[in-house]
Amino acid sequence: MIKVSVIVATYKQEKYIGKALDSILTQKCDFDYEVIVGDDASPDGTGEIVKKYGDAHPGKIKAIAREKNLGAFKNFKDLYSRAQGEYLAFLEGDDYWIDENKLRKQVEFLDSHKDYVASFGKCIVVDENNDRKEEIEQYIPWFKGGLYTAEEFENYYLPGQTATVMYRKSAVDQLFSQIKKDWRLMPRVPVIDRFLVLGMLSKGKIDTSTDVYAAYRYILKKESGSWSSKHDFYSFKNVIFFLYGMKEMERVAKRLGVPLSFDERRKSEFEKIACYKGQMPMIAINAVRFFIWLWYKDKRDFNAFMQERHKA
């Protein structure tokens with residue numbers, strides 16, 4: 001019986017995918033686990049590397065090298081549909097695990113805590129050369145440890161980076177079964193990590209360990225293929241994407257029965273945008289302010305916030 005399914009979605013990560021897969025294969029476990037890795041028709045050599053690992057480890061790695069690009073979500077959905085384990089772990093193709101007991105620790109926790117649906121841990125941040133970047137780690141809003149609740153989600157903390165998670169598959173199955181019955185539960189923006197965390201909050205408890213499980217690769221080079229390279233530049237497009245993502249999370253949370261409001265975060269973004277005068281056209285700054293007002297849930301609170309700003 002397979003205890004854990006490790007899902008690895010990758011695209012244009014030939015420089016890193018080998019290290020990611022090696023870090024999975026070095027896990028010390030007394031149970032069976034499978035690795036389902038899917039290359040989404042990368043134009044570089046990622047697919048060939050994935051195939052080689054599949055050929056070298058036929059009883060452990062299920063290698064899918066696609067001929068046609070599906071996009072991040074469809075690639076993930078297909079890999080998830082192939083999973084047979086009791087638990088799910090995720091690792092993006094440019095990240096890697098640094099604790100060889102990561103799977104064992106999380107399985108032991110979830111086996112002994114049936115009311116928990118997820119377990120997260122800590123991670124370090126590295127660059128393209130695997131050098132640690134501690135100066136970046138302090139600015140990334142991950143939860144500090146303990147029981148993670150909707151209040152932390154509302155404050156825009158995640159329980160941990162995707163590479164540190166283990167989900168109870170039955171809870172994820174329940175969530176996707178709900179989506180099949182009500183497509184409005186699916187956010188209209190590609191925020192798979194936050195959506196899964198929100199969904200799990202509606203299913204049970206989420207634990208965050210202080211153990212350091214993974215290395216998260218943070219690269220601000222647009223050609224690198226990493227998530228951070230595409231979305232962490234401060235631009236009009238990325239700010240609107242961020243604001244709309246919050247609105248979508250509120251909409252989905254309401255349907256899941258999880259109370260959620262990002263209004264405090266919107267205040268922060270309203271203050272932040274003023275710092276970009278001279279770096280961003282005023283028409284773009286005013287457009288951001290308009291959307292903050294449009295998507296603000298409590299308009300009375302927003303008006304009071306604006307009155308206080310004008311007094312200052």
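F90 is buried, with a relative accessible area of 6% (buried means under 20% relative accessible area, exposed over 50% and partly exposed in between, using a 1.4 Å probe and protein chains only). This is a predicted model in which local features need pLDDT of at least 70 and side-chain atom pairs count only at pLDDT 80 or more, while totals for chains, interfaces and linings use all residues. Residues are numbered from 1 along each chain as its sequence is written, and side-chain values use heavy atoms, with hydrogens and water left out. Here is a friendly tour of the aromatic and charged contacts.

**Aromatic pairs**

- Rings of Phe, Tyr and Trp (its six-membered ring) pair if their centres lie within 6.5 Å; planes under 30 degrees apart count as stacked, over 60 as edge-to-face and the rest as tilted.
- By that rule the count comes to 19 aromatic pairs.
- F76 and F90 form a tilted pair, because their ring centres are 5.7 Å apart and their planes stand at 50 degrees.
- F76 lies in helix α3 (residues 72-81) and F90 in strand β4 (residues 87-90), so this pair ties together parts that are 14 residues apart in sequence; helices (H or I, at least four residues) and strands (E, at least two) are DSSP runs, numbered from the N terminus.
- F153 sits in helix α6 (residues 150-154) and F262 in the loop between α10 (236-256) and α11 (263-273), so the pair ties together parts that are 109 residues apart in sequence.
- F153 is buried, with a relative accessible area of 1%, and F262 counts as buried at 1% relative accessibility.
- A cluster linked by ring pairs holds F73, F76, Y80, F90, F120, Y167 and F176.

**Charges over rings**

- A charge sits over a ring if NZ of Lys or CZ of Arg is within 6 Å of the ring centre and within 35 degrees of the ring normal.
- K60 places its charged end over the ring of Y33, 3.8 Å from the ring's centre.
- R194 lies over the face of Y156, at 3.7 Å from the ring centre.

**Salt bridges**

- A salt bridge is a side-chain nitrogen of Lys or Arg within 4 Å of a carboxyl oxygen of Asp or Glu, and the count by this rule comes to 25 salt bridges.
- K3 and D111 meet through their side chains in a salt bridge (3.3 Å, N to O).
- K3 lies in strand β1 (residues 2-10) and D111 in helix α4 (residues 102-112), so this bridge ties together parts that are 108 residues apart in sequence.
- K3 is buried, with a relative accessible area of 17%, whereas D111 is partly exposed at 29%.
- K3 and D111 also belong to a network of salt bridges with E86.
- K205 and D115 form a salt bridge too (3.2 Å, N to O).
- K205 in strand β9 (residues 205-217) and D115 in the loop between α4 and β6 (116-126) are 90 residues apart, so the pair links distant parts of the chain.
- K205 is partly exposed, with a relative accessible area of 37%, and D115 is partly exposed at 40%.
- R309 and E271 meet in a salt bridge (3.4 Å, N to O).
- R309 lies in helix α13 (residues 299-311) and E271 in helix α11, so the pair ties together parts that are 38 residues apart in sequence.
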